[in-house]
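User: Hey, I'm new to this one. Can you walk me through it?

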Amino acid sequence: MPPLATSLKRRRWLLEPGEPLLLSRSPVEAMARLGEQMAAWGLGPESLFASPMCAVALPRPSGPTWPPRCFAEHLRPEALWGPLLWLPPHLAVPAEGEDLFAWTARVALELSASGVYDQASGTWLDMGSFVEGGLPVERARRWLAGGPDPGLDALDLTPLVWDEADPLWALDKVEADYGWLSVVSWSLWSESLSDELADLLRGPSEGVSAHLDMLVAVAGKWLAEVPEEVSGGEGRWWAERARGASALEVLERAKALRARLEPWLRQALADKRAPGTLPD
């Protein structure tokens with residue numbers, strides 16, 4: 001799909017220039033960004049899904065209407081500029097048989113390939129670029145409340161992200177690459193977690209327990225997904241024993257898992273492109 005015209009308005013939001021949308025770099029960063037996202041949008045965690053396969057959380061639509069109006073009761077109108085709130089039906093929910101982690105990777109690929117998210121600049125397409133008069137807050141508020149607005153009613157990302165020649169390309173690519181993407185993600189998160197815990201243990205003891213609980217709650221579920229043949233049993237520890245373990249034990253287990261993953265990571269990176277690289 002050709003890149004978007006540079007004349008369209010873009011905004012920096014959450015991500016840094018050069019950062020790929022595919023794959024979250026760390027559980028700490030994921031937690032911080034989820035908090036920023038909830039505050040900016042006015043939505044609770046039940047309306048968002050944070051995944052290690054995507055650098056930002058994705059909205060989870062509910063009810064009979066599609067986003068963004070399905071979030072109208074709580075959504076802040078100034079958030080309507082963001083394209084994540086306007087995902088078309090084929091991206092807004094997982095495909096049949098697709099799990100949530102694979103879905104977030106697919107969304108990341110399609111938004112990057114279409115230019116909706118631009119990795120080089122770390123910017124997002126401003127949806128107000130497609131509406132005459134833009135998206136001032138009062139207009140967005142009236143529309144979210146059910147007011148008529150043909151311009152916003154017609155706003156649709158599908159022409160930008162739908163590839164007529166190969167509509168299933170991202171679904172197929174994630175299915176083919178899910179194994180190596182998982183290895184890269186587990187490596188990123190286990191290394192980041194060990195670094196964070198080392199810093200935590202060097203600091204004051206106050207708040208260590210609460211911070212540890214949050215880290216294990218976020219990272220533990222994903223690290224528990226590492227299969228036995230890769231982790232040598234480390235994944236099972238994250239599933240069964242991480243909660244309630246000391247910070248030092250969690251640190252040592254994160255380092256051990258990262259070491260277990262190293263040969264698999266080398267092989268994955270030798271066989272595949274670096275994270276964030278788009279298909280030809």
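Predicted model: local features only at pLDDT ≥ 70, side-chain atom pairs only at ≥ 80, totals over all residues.

User: How many aromatic pairs does the structure hold?

Analyst: There are 9 aromatic pairs. Among them, Trp13 and Trp124 sit edge-to-face, 5.8 Å centre to centre with 70 degrees between the planes. That pair links distant parts of the chain, 111 residues apart: Trp13 is in the loop between strand E1 and helix H1, and Trp124 is in strand E5.

User: Are those two buried or exposed?

Analyst: Trp13 and Trp124 are both buried. They also belong to one aromatic cluster along with Trp41, Trp81 and Tyr117.

User: And which residue does Trp222 pair with?

Analyst: Phe101, in a tilted arrangement at 4.8 Å centre to centre and 50 degrees between the planes. Phe101 lies in helix H3 and Trp222 in helix H8, 121 residues apart. Phe101 is partly exposed, at 23% relative accessible area.

User: Switching topic, where's the kink in H11?

Analyst: At Glu262, shortly before Pro263, and it's about 40 degrees. The end C-alpha atoms of H11 are 35 Å apart, which agrees with the 36 Å its 25 residues should span.

User: What covers the buried residues of H11?

Analyst: The cover includes helices H7, H8, H9 and H10. Leu251, Leu257 and Leu261 are among the buried ones.

How values were computed. Residues numbered from 1 in each chain as written. Heavy atoms only, no water. Helix = DSSP H or I, 4+ residues; strand = E, 2+ residues; numbered from the N terminus. Expected span 1.5 Å × (residues − 1). Bend = angle between axes of the 7 residues up to and from the residue. Buried < 20%, exposed > 50% of the residue type's maximum accessible area, 1.4 Å probe, protein only. Contact = heavy atoms within 4.5 Å. Phe/Tyr/Trp six-rings, centres within 6.5 Å; stacked < 30°, edge-to-face > 60°.
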